[in-house]
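Trainee: I am new to this structure. Please show me how to read it, one feature at a time.

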Amino acid sequence: MSVVLGSGSARGYAHIGVIHELLERGYHIVGISGSSMGALVGGLQAAGRLDDFAEWAKSLTQGAVLRLLDPSFTAAGVLRAGKILDVVRDILGDIDIEQLPIPYTAVATDLIAGRSVWLQRGPVDTAIRASIAIPGVIAPHEVDGRLLADGGILDPLPMAPLCAVNADLTLAVSLNGGDPTTAGPADDSERGAPAGRLNRMLRSTSALLDTSGARSLLDRPTARAILDRFSSGESEHDTEDIEEATDSPSGGPGMPKLGSFEVMNRTIDIAQAALTRHQLASNPPDLLIEVPRTACRSLDFHRAAELIQVGRELTAHALDTAKPS
């Protein structure tokens, strides 16, 4: 089986659950391509170190995530990726893509040439760093004279790199799926139902900075000014800024309050969802798993355990449904 892992910030933790479920069922992965978070998870799996990363990710608290995000005023991004990449580098070790036991492609975007770049040679951590450079959030990364940014800009679900891989089955994981709650009623009491779990996750979503430990890190004016750019415009105790609307001055229907980061994030999600639809139409996989965009907020990196489980459940459901009756 070859596996295509899409872009989608913290939702990318679901990729880990997908891979765990595949391996537990005896599937053998012979090729991996990924964009952004998909490139990160895919590179770790290709190197045989995904379990180590998963255990580390599940240990993260909100305060730890804030420290790892390392906010700073820079010309091209408000978050530095250095601390996160240090952890990934420690887990990976010093390894090049050519040395990986599984063929692996990290997809990035050349900001100058305006085209996708397939990274299939050189250090794995360098390829991951380039692919996760979210526009306006993490600064682009220079590789071999090219200024590279997030692969999801042009290729949120990179099917093409695996066309030459000899695999019996191609599975793609999109992180830009629709809201499962619109598909029909779901029984939240069914522990194994993917939609039910997602509904519970939506109701229990908390703002990134709603703990005293995390708030204590924001005493510095610089940190507060930067992280305010990532707020949704609601109070820090409001956990449903997208779904809950406030009354307009005219007394008409309410509109969601969206902060600058939320506007940018939703714009990227909409564009990536449209690109994904086109990619799937031209190069459909044998099996598609769609993780809803509403599964978590972009910076909910402290919710690894929940999202990994969502990936497992969605994969189990997809595989069971795909079996002949």
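Trainee: Which handedness does the β-α-β unit of β1, α1 and β2 have?

Mentor: Bear in mind that this is a predicted model. The unit made by β1, α1 and β2 is right-handed.

Trainee: In which sense do β1 and β2 pair?

Mentor: Strand β1, residues 2-5, pairs with β2 in the parallel sense, over 4 bridges. Look for Val3: it stands opposite Ile32 in β2.

Trainee: Which strand has Tyr104, the residue opposite Ile32?

Mentor: Tyr104 is in β4. That strand covers residues 104-110. β2 and β4 also pair in the parallel sense, over 4 bridges.

Trainee: How do I read the side chains of a strand?

Mentor: In a regular strand, side chains alternate between the two faces of the sheet. Now take β2. Gly31, Ser33 and Ser35 point one way, while Ile32 and Gly34 point the other way.

Trainee: Now a helix. Which residues of α3 are buried?

Mentor: Helix α3 spans residues 50-58, and Leu50, Phe53, Ala54 and Ala57 are buried there. Look down the axis of α3: these buried residues fall within an arc of 100°, so they line one face of the helix.

Trainee: What do the buried residues of α3 pack against?

Mentor: Four helices: α1 (13-24), α2 (37-46), α5 (82-92) and α11 (304-322).

Methods. Residues numbered from 1 in each chain as written. Predicted model: local features only at pLDDT ≥ 70, side-chain atom pairs only at ≥ 80, totals over all residues. Heavy atoms only, no water. Buried < 20%, exposed > 50% of the residue type's maximum accessible area, 1.4 Å probe, protein only. Helix = DSSP H or I, 4+ residues; strand = E, 2+ residues; numbered from the N terminus. Arc of directions from axis to C-beta. Contact = heavy atoms within 4.5 Å. Pairing = 2+ DSSP bridges. Right-handed = clockwise from strand over helix to strand, strands pointing away.
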